[in-house]
Amino acid sequence: MQLGPYAGFIIAAYLATFGVVAALIGWIIADHRAQKRTLDDLEARGFGRRSASREVA
Amino acid sequence: MPVMDLANPSRFLILVERVLPWLAAVTVCVLAVGLYQALLVAPDDYQQGATVKIMFIHVPSAWLAMFCWAVMSVAALGTLVWRHPLADVAAKAAAPLGAAFTFLCLLTGSLWGRPMWGAYWVWDGRLTSVLVLFLMYLAVLALWRTVEDPSRAARAVAILTLVGAVNLPIIKFSVDWWATLHQPASVLRMGAPTIHSSILVPLLIMGVAFMLLFLTLHLAAMRNEILRRRVRTLRLMQAQAGA
Amino acid sequence: MKALIALLVRDMRLAVRLGGGAPMGVLFFLTVVVLVPFALGPDLALLRRIGPAILWLGALLASLLALDRLFAADYEDGSLDLILMSSVPLELTVAVKGIAHWLTTGLPLVVAVPVLALFLGLDPWPMAAVALTLLVGTPALTFIGLVGAALAVTLRRGGLILAILVLPLTIPVLIFGVAAANTAIVGPVSFGAPFTILCGLTLISFVIGPFAAAAALRHLE
């Protein structure tokens, strides 16, 4: 793959794109884990959702 | 504030859990094909050389930057006209994605501009319009963070999004007009006037890949937002029970 | 109708008081325009060249300053609730508040232009061009600002986010206002073309501003 004299710019552009997309994916996954953890924690303390409590009754 | 009956969003969550893995897999495949085409197959442009390869990420980013505002606008209508809870979630999830792709568009454009025009930034009509769009995304993100109550925030952002949507063509028109007034010193050319199919095909594949990427990220972000709202509701219940 | 006129008079009286926006707006305008030569140097030729742009930027920032309190003051003392509950269409009420804001903040800026033009070495025709474009453009700034003011009403530090919300939307007005004023100095384009578009932008803002601001106020709760 011949990138010519401006190879640095091309590589920088693709790396930046990869970095930003990776950061977005990372943030979404980390956020998902955090919310799930909090929800499980609240459930353990007895604060489930209304539908969950209905099942118990 | 009564606990929202999250029936619809629940069904949405189940759908997302099922669809997301497949969507992600398809996205990766199309991206792989697109990148292969862009980096290894596409020929060099006779004017720009290999730097034309930057176009394969710059242009799809620009498309997404604008498409995302369109998504937010449709969601805004859903919020204001139908008070649909999923509309709020869709709008909030889209905003950071749109900002990120607009930023990428500016960054890759700047990296493309340096070899092409000799400057990292020029006050060209197109770049300036995208810069203003980026400022508007930042304004939306700021508004989401500043208003406490999620439903109130959604309605405020919806109004700002729609006003912004109306303004975007006006801004584009005025910036283009302003740019032609202040002719830059060198002649600017954004690549070959007609795109040969050997460059068009990788571009379209990358365009599809980016669209799929946006769809995947958006659905995943919406899922997170729904979970976040549940957490908030339960925390409010917890606070009331504790008191 | 009587209610609207009463509202107009009340708003104007409030603005003209020392705590209101009117005297501050003009003073801020003056301060900004005086600051620029300190930053750029006393080269009168340069100042004359960029004079219209400086005056426009100063007017934009001064307008923004007074928007902060437009709805916030009413929100704090409860009159906003009364306004929302009244039978007068909210869009009209908001438009009237906009008119009051412009009369007390925008119009004084226009009146101040001849004096400030002296500091920037502007000749009579460029000065008149700036004054005319500001006369037509400051209502647009006010009415676009209505939207931001309504959205930011209940927020702490509303003034900052107000600026972030409003400034990108005012860019077209700034572009065409300065362009029209500049034709008096440099002249590839006739005054008429950008000026007509400026008028069009102002007219559009008369419609979008009150409607969007009213919608924002209605959705406050």
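Mentor: Two residues are in contact if their C-beta atoms, placed from the backbone, lie within 7 Å. The most contacts among the 2 pairs of chains that touch are between chains A and B. Chains A and C share no contact, and their closest C-alpha atoms lie 24 Å apart.

This is a predicted model, where local features need pLDDT of at least 70, side-chain atom pairs count only at pLDDT 80 or more, and totals for chains, interfaces and linings use all residues. Residues are numbered from 1 along each chain as its sequence is written, while chains are lettered from A and ligands numbered from 1 in the order in which they are written.

Now chain B. It has 6 helices and 0 strands. Helices (H or I, at least four residues) and strands (E, at least two) are DSSP runs, numbered from the N terminus. The C-alpha atoms of chain B fill a box of roughly 70 × 40 × 30 Å along the principal axes. Of contacts in chain B with a separation of 6 or more, 82% join residues 24 or more positions apart.

Next, the side facing chain C. Here 22 residues of chain B are in contact with 19 residues of chain C. Helix H4 (125–146) and helix H5 (150–181) of chain B each give two or more residues to that side. H5(B) gives the most, with 13 residues. By class, this side of chain B has 17 nonpolar, 3 polar and 2 charged residues. Ala, Val, Leu, Ile, Met, Phe, Trp, Tyr, Cys and Pro count as nonpolar, Asp, Glu, Lys and Arg as charged, and the others, Gly among them, as polar.
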